[in-house]
Amino acid sequence: MPFVIALVLGGIVLLATGHNPLEFYQLLVREAFGGTDRIAATLAAATPLLFTGLATAIAFRAGVFNVGVEGGFVFGGLIGATVAVHADLVAGMLAGALAGVLVSAVPGWLKARWNVDEVVTTLMFNFVVAGLTGWLVTTFLQARGVANSATPLIPQSSWLPDLLPPYGLTSGVLVALALVALYAVWIRHSVLGYELRQTGLNSRFAAAQGIRVGRVIIVSMLISGAIAGLGGAAHALGVVHRFVDGFSPGYGFTGIAVALLGRNSAVGVVLGAILFGALASAGTTAQLFSHIPLDIVDVLSGTVMIFAVVRLWRQR
Amino acid sequence: MTVRLGARDISRAFGPVRANEGVNVEVQAGTVHAVVGENGAGKTTLMRILYGLDQPDSGTVVINDHPVRLRGPADGIGHGIGLVPQELAMIGSLTLLENLVLGTEPRRGPRIDWAAAQTEASELAARVGVELPWTALADNVSISVRQQVEILRALRRGADVLILDEPTAALAPAQVDDLLQLLRGLRDAGRTVVFISHKVDEVLAVADEITVLRGGKVITTRPVDEVDRGSLIELIVGQHVRFSEFASSAVIGDEVLVVSGDVPLSVRAGEIVGVAGIAGSGQDELVERIVGLRRSADRITLAGKDITTLPVDRRRLAGLGYISGERRSEGLSMDASLADNAIAGAHRTLGRYGWLRPSAVRAYAKRVLDGYSVRYGRISAAARTLSGGNQQRVVIGRELDRHPKLLVAAGPTRGVDVLGMSYIHDKLRALRDNGSAILLVSEQLDELLDLSDRIIVLHGGHIAGEVPGGPDSRNAVGTLMLGRKAS
Amino acid sequence: MITGLLMSALLLWTPLALAALGGLLHRVGGVVNIGLEGQMLAGALVGALISGATGNWVLGVLAAGATGGLLGLLMSLTITRLGANEIIAGLGFTIVISRLIGYLLRSVFEVSGTLRVAGLDPLPRVLGVDPLFWLAILLVPVIGWSLRNTVGGLRLRATGDGFDAAGALGLPASGIRDIAGVLAGVLAGIAGSHLVLGQVGLFNEDMVAGRGFIALAAFYFGRARPLPTALACLLFAVFDATQARLQTGGVPAQLIQTLPYLVVIAVLTATAVRDVRGKARRAG
Amino acid sequence: SETTSQAPPKKAALVIAQGGLGDESYNDLAMSGFTASTREKGIEGHPIESNDVVAQGEQSLRRAGTSGYGLVIDLEFSHGEILPTIASAYPNVQWAFLNNKIDGPNITSVLFAEHDGSYLAGALAAMMTTQTGNPKINPDKKIGVIGGTKSVGIDKFLSGYIQGAKDVDPSVEVLTAYSNAFGDPTKGSQLAETMFQRGADIVYHVAGGTGAGVIEAAKKNNHYAIGVDDNQDKLAPGFVLTSVLKRADLAVRRLVDAYADGKPLGGQVINLGLSDGAVGLTDFEFTRNEIPESVRTKVDELKQKIIGGQLKVWNVIDQGYPAWLQG
Ligand SMILES: Nc1ncnc2c1ncn2[C@@H]1O[C@H](COP(=O)(O)OP(=O)(O)OP(=O)(O)O)[C@@H](O)[C@H]1O
Ligand SMILES: Nc1ncnc2c1ncn2[C@@H]1O[C@H](COP(=O)(O)OP(=O)(O)OP(=O)(O)O)[C@@H](O)[C@H]1O
Ligand SMILES: [Mg+2]
Ligand SMILES: [Mg+2]
């Protein structure tokens with residue numbers, strides 16, 4: 001229902017800008033789901049969001065408002081890509097995860113040990129990582145003879161295999177979905193998952209019952225960082241095949257929206273990632289068939305984002 | 001006589017729970033009207049409706065003989081109604097003075113006239129006979145202080161109908177007497193008071209009329225002289241209740257808890273040691289140090305083991321149980337399921353290879369909940385959905401089920417109804433008789449006298465004295481609490 | 001040289017401080033405002049257009065404030081009345097506003113990216129700096145004082161910390177939050193107009209360039225207290241102004257640009273350590 | 001869009017690079033050439049923008065390949081690797097790529113000699129900064145350049161500029177800075193003002209929309225800016241000394257025209273440089289009188305030397321970083 005409101009509001013915008021909303025919505029649906037190739041494109045666009053959404057959700061679940069997934073994703077991508085050039089696929093993925101851990105460890109520790117506000121530190125770390133990767137990719141890790149800041153191309157043997165050649169859907173999506181499924185079970189049925197949930201719901205309660213809240217916070221941040229970094233590595237090894245300027249157009253931030261839309265649940269994260277993935281893939285190719293600019297598609301997804309979370313009936 | 005405030009056929013359901021069902025109450029102007037009933041009987045719900053905080057599904061609120069619609073608390077306040085809620089509506093980051101004047105600030109233009117506010121506050125406090133640290137943050141004062149501010153706030157707002165939802169739950173005996181005196185004074189000045197309490201004696205002492213609720217329905221409304229202690233209790237719980245009398249411990253064993261330092265203290269196996277003191281005398285700090293929520297410079301041993309630097313979980317492993325005085329924020333996780341609340345702390349024992357066994361979790365939680373007669377719907381429901389008395393049983397059950405060597409119990413019956421209180425008291429005695437050591441911290445003198453083998457009285461962070469338990473120590477404890485030496 | 005640095009730092013400080021103070025008010029009222037970025041952008045555009053159309057900077061600034069306030073109100077309403085998550089609403093509004101503006105530039109103004117408004121009236125100088133700088137300076141103590149000593153300030157703080165409790169006392173808690181949202185929007189809008197009228201004299205669709213998020217970091221950093229928040233903004237501004245000078249010193253630009261962020265983390269950590277040490281610690 | 005009953009119209013797509021439309025340089029310029037030439041030739045033209053240009057390259061190119069497009073021009077650098085595969089999967093489509101050489105029978109590559117144009121700008125600026133009779137010039141022998149981001153693509157401009165300046169006068173100091181943003185005029189104006197305060201009087205920007213701030217700052221401080229990509233001289237007449245042209249519009253126009261006229265494309269590399277006028281300086285519409293005749297002659301000489309091959313300007317992309325610019 002809120003979704004419908006978003007569509008109606010988007011429709012008004014479309015009408016006001018002289019476009020036929022029904023036609024455009026049809027086009028969007030076709031470009032998002034109308035055929036194997038389009039579904040593959042949507043899933044491919046959803047894949048990084050699955051990683052970042054999940055990484056965000058795990059930290060949120062522990063009550064840690066980690067907005068630093070973007071940094072983990074980017075750093076994981078750079079390190080994953082670099083290691084994969086010199087080693088292999090598995091090493092690249094692991095290195096990416098480790099890089100993500102590096103990014104989240106410090107804010108996690110600061111929060112756990114000294115109660116340093118994680119929103120600021122993780123946000124700041126994003127900027128720091130952006131600078132650091134920007135520097136590395138124009139110095140030590142740069143591929144020679146390329147007009148942009150980019151690492152060398154990863155040899156094909158180290159790529160994440162494609163699922164549905166020739167469509168660019170890689171097995172990264174399977175890794176992501178497996179992680180989401182694991183998360184669903186783990187958060188409900190593992191000891192650590194239990195402690196994480198309790199810490200997130202009421203950390204004072206958790207501490208009084210003997211849960212080591214600081215430790216749980218650190219662990220949640222490490223896992224969050226590892227998933228973010230793994231996502232970056234999967235994106236590098238599966239899709240871009242190197243690290244390059246514009247590697248992440250803000251997947252980490254969209255991941256926050258995905259996690260919040262999905263209320264940090266596994267199913268919610270999957271749905272949220274697919275929603276934004278569909279808008280991204282369909283919004284791009286729809287331009288081949290209409291004259292609606294990307295700006296309007298973005299207005300639409302912003303509207304969907306806002307209204308997908310409204311509660312229409314105040315609960316009594 | 002006019003019906004100053006009343007309910008006409010009011011019903012209010014929360015999902016399947018019928019909190020109020022066809023409730024009819026008439027509070028006559030210029031009387032003290034008590035509303036009593038067991039936990040979850042629907043008292044708070046009714047009061048919230050009468051104040052405008054909640055709206056009934058059907059039925060109407062009556063004010064001055066006329067049916068009215070209250071769309072929000074502003075309407076209630078407009079009709080001269082003041083509510084001192086059970087769940088204190090204090091704002092932690094504001095000072096007590098700020099909390100007091102919030103909403104009806106004395107002003108000069110857009111500015112708050114702090115001088116006037118302070119004067120008013122002091123006068124009010126003097127009238128009620130309390131002294132309050134007005135510049136302290138509400139977060140940093142005890143529940144009872146907060147409660148006093150709530151009462152002053154309603155008075156200050158010139159409420160001529162004052163609804164008090166369990167105002168005495170956190171007050172010391174002397175303060176209770178003062179409050180009751182105040183309520184009588186208000187009535188004599190022509191105001192109307194609606195008073196909710198689980199303490200039958202208070203009700204009998206102050207009320208003109210008593211309405212008994214049970215299961216959301218009005219059982220009866222009677223003038224106070226038509227009931228006595230026993231019959232009122234029977235009306236409330238619907239059955240005859242036998243209360244256990246004071247009985248000191250039969251067998252006292254070895255020292256289980258030893259605390260050194262400013263508050264030297266030891267508790268032996270098979271012994272209940274009560275800790276008395278007016279709020280803020282150092283009870284909270286003592287409890288938190290023993291439990292491990294606050295660093296302790298002084299040595300603490302549990303069953304011979306030095307636990308001074310151990311984290312909470314290790315202390316619990318060593319045999320510590322803890323009933324928190326802050327049920328809503330520390331004792332329970334209100335948004336977590338009953339099962340998750342019940343297994344907390346023991347959850348590691350229910351796992352294998354890091355995974356919780358769902359069947360073990362269920363079984364454990366059910367044992368705790370059923371074993372301590374918690375009334376609940378589904379074990380996956382949030383703790384928030386239980387009434388306060390039942391919430392407290394969850395905490396009691398969780399902590400007692402583990403047969404701790406040492407139980408630290410802070411305010412274990414706060415806000416619990418008569419039946420629940422006697423139930424919890426029996427459970428605590430049984431635990432003691434099984435050889436556990438219990439450190440009991442409570443603001444309720446009767447509870448301390450009833451349960452404790454000996455009572456340590458704190459004043460200003462130090463031990464002011466120690467007396468044996470039992471009803472005869474009442475006066476001695478009262479004196480010590482005020483910091484005077486027992487004569 | 002040093003005065004040059006100082007002047008440019010103060011120039012950069014003004015929009016950050018204005019937006020951060022707006023965000024601070026909203027934060028005190030209990031809402032984390034992620035939408036400052038979008039509100040600043042809208043303020044920048046409207047400020048440019050109105051200043052150009054009327055040839056009067058005052059009107060431009062007022063219009064920018066009004067636009068920001070209106071957007072702030074809309075955002076606040078979706079949060080307080082429709083129960084939208086504040087983070088999502090903030091991100092969503094920023095996306096919608098910036099893309100709508102991008103679209104308007106291309107379709108209505110028929111320019112791409114940058115809009116130069118003819119007859120734009122830039123901010124005048126008062127004692128060497130622009131009036132909005134003085135406004136920001138003035139607001140720091142005024143907001144601090146008002147939060148403590150006015151009815152509105154007290155009620156705002158009450159609503160922020162105890163939404164339900166304030167409601168139970170008969171305060172219109174949602175309404176108070178909406179007012180805070182509007183104020184935040186007004187200040188963000190004015191901050192946006194400063195970018196155009198006080199700095200470059202033209203509008204670019206990306207010109208806010210993350211300053212809304214820096215403002216967010218600033219009031220978080222300052223724990224929603226005006227002076228520390230303003231100082232945090234100054235920290236960012238000084239670093240921003242220093243960058244160009246440092247860049248020629250042989251240190252790579254990308255690394256220099258991370259400095260202010262590292263400093264923020266360090267300062268935040270230092271204050272947190274001090275806080276924890278200062279209090280008797282509740283272990284956890 | 002209306003359809004007629006005749007044969008379907010020819011369709012061309014333009015894949016917009018990072019930065020998107022509104023960057024006031026590369027993308028916008030290419031887009032203007034695209035719009036003009038498709039309109040002129042009666043071709044249906046669609047730009048494709050994406051927020052995620054890098055990762056969505058493959059699927060959007062493929063989608064174009066399956067949707068009846070005859071020409072797809074890709075402006076995005078990072079698509080270089082995937083293009084050969086896609087081009088061979090859709091052999092009937094003509095593909096074009098800017099700024100890098102990509103092999104394939106149906107791929108046309110377009111290269112620009114931005115370093116050559118920047119060299120001339122550097123030489124001009126170095127000669128101008130000593131013209132102390134000019135009120136916009138100060139006594140210091142300092143000039144500046146601001147890059148949008150630290151990357152080889154941008155440093156190709158910077159390196160050429162510095163080399164040009166040093167070649168005509170080794171004692172000229174060139175201040176460099178990066179804005180790390182392509183759409184932040186506030187930052188551009190800050191950086192430029194700083195350079196002016198430090199004694200520079202001519203600042204070249206290679207920073208898209210950020211450059212608008214550089215130009216404003218030049219006007220405000222009575223100094224010179226040098227524009228980039230498009231002719232930006234008119235943005236602040238008299239204060240933009242010249243602009244270093246990189247006519248992506250010409251390149252796109254050439255491609256679209258060839259496609260529309262059915263001329264052969266594919267397999268070629270089009271080198272655009274000083275000789276075609278696709279790269280170079282403007283003709284000083286507003287600053288002609290402020291630039292001494294001798295300086296203009298010298299610049300012209302240098303240009304001829306480069307065209308003639310006697311002078312070789314360092315290309316960061318092929319040669320890596322030179323001694324005068326840190327990598
Ligand atoms: N907001 C709510 N949502 C769901 N159930 C509720 C809500 N409020 C009250 N209830 C239920 O309504 C019933 C009556 O609750 P109420 O708080 O009125 O009881 P009470 O008489 O005040 O009990 P106590 O003595 O414990 O304070 C309880 O079963 C309670 O769980
Ligand atoms: N937001 C809520 N959602 C569901 N139930 C609620 C909510 N708020 C309160 N309740 C329920 O409303 C009832 C009234 O709350 P209240 O604080 O009066 O509990 P109580 O049982 O009276 O507490 P106590 O016994 O500690 O004094 C409780 O049963 C509580 O479970
Ligand atoms: Mg109640
Ligand atoms: Mg000079």
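Analyst: Happy to! Let's begin with Asp160(B) and Arg4(B), whose side chains meet in a salt bridge, with N to O at 2.6 Å. Keep in mind that this is a predicted model.

User: Where do Asp160(B) and Arg4(B) sit in chain B?

Analyst: Asp160(B) is in the loop between α5 (143-156) and β9 (161-165) of chain B, while Arg4(B) belongs to strand β1 (residues 3-14) of chain B. The pair therefore ties together parts that are 156 residues apart in sequence.

User: And is Arg4(B) buried or exposed?

Analyst: Arg4(B) is buried, since its relative accessible area is 8% and the cut-off for buried is under 20%.

User: Got it. How many salt bridges does the structure hold over all chains?

Analyst: Over all chains there are 63 salt bridges. Another of them joins Glu443(B) and Arg414(B), with the closest N and O atoms 2.6 Å apart.

User: What parts of chain B does the pair Glu443(B) and Arg414(B) tie together?

Analyst: Two loops. Glu443(B) lies in the one between β22 (437-441) and α16 (445-451) of chain B, and Arg414(B) in the one between β21 (406-410) and α15 (418-433) of chain B, so the pair links parts that are 29 residues apart in sequence. Glu443(B) is buried at 17% relative accessible area, and Arg414(B) is buried at 18%.

User: What about Arg18(B), is that one buried or exposed?

Analyst: Arg18(B) is exposed, with a relative accessible area of 52%. The side chain of Arg18(B) meets that of Glu21(B) in a salt bridge of 3.3 Å, N to O. Glu21(B) is partly exposed, at 25% relative accessible area.

User: Which residues are linked with Arg63(D) in a network of salt bridges?

Analyst: Arg30(A), Glu31(A), Asp37(A) and Arg38(A) are in that network with Arg63(D).

User: Switching topic: how many residues do chain A and chain B each bring to their contact?

Analyst: Chain A brings 22 residues and chain B brings 35 residues. Between them the two chains bury about 2300 Å², and 52% of that is on carbon and sulfur atoms.

User: How many salt bridges and polar contacts are there between them?

Analyst: The interface of chain A and chain B has 4 salt bridges. One salt bridge pairs Arg348(B) with Glu195(A), at 3.0 Å from N to O. As for polar contacts, 17 residue pairs are counted between chain A and chain B.

User: Which elements of chain A give two or more residues to that side?

Analyst: They are α7 (172-189), α8 (191-201) and α9 (203-208) of chain A. The most comes from α8(A), with 7 residues. By type, the residues on the side of chain A that touches chain B divide into 10 nonpolar, 6 polar and 6 charged.

User: One last thing. Why is helix α9 of chain B largely enclosed by the rest of the structure?

Analyst: Helix α9 (residues 283-291) of chain B has 7 of its 9 residues buried, so it is largely enclosed by the rest of the structure. The buried residues include Leu286(B), Val287(B) and Ile290(B), and also Glu288(B) and Arg289(B).

User: What comes just after α9(B)?

Analyst: Just after α9(B) you'll find Gly292(B), which takes a positive phi of about 105°.

Terms used: Residues numbered from 1 in each chain as written. Chains lettered and ligands numbered in written order. Predicted model: local features only at pLDDT ≥ 70, side-chain atom pairs only at ≥ 80, totals over all residues. Heavy atoms only, no water. Contact = heavy atoms within 4.5 Å. Buried area = accessible area lost by both parts, 1.4 Å probe. Polar contact = N/O pair within 3.5 Å; in protein donor to acceptor, adjacent residues only side chain to side chain. Helix = DSSP H or I, 4+ residues; strand = E, 2+ residues; numbered from the N terminus. Nonpolar A, V, L, I, M, F, W, Y, C, P; charged D, E, K, R; others polar. Buried < 20%, exposed > 50% of the residue type's maximum accessible area, 1.4 Å probe, protein only.
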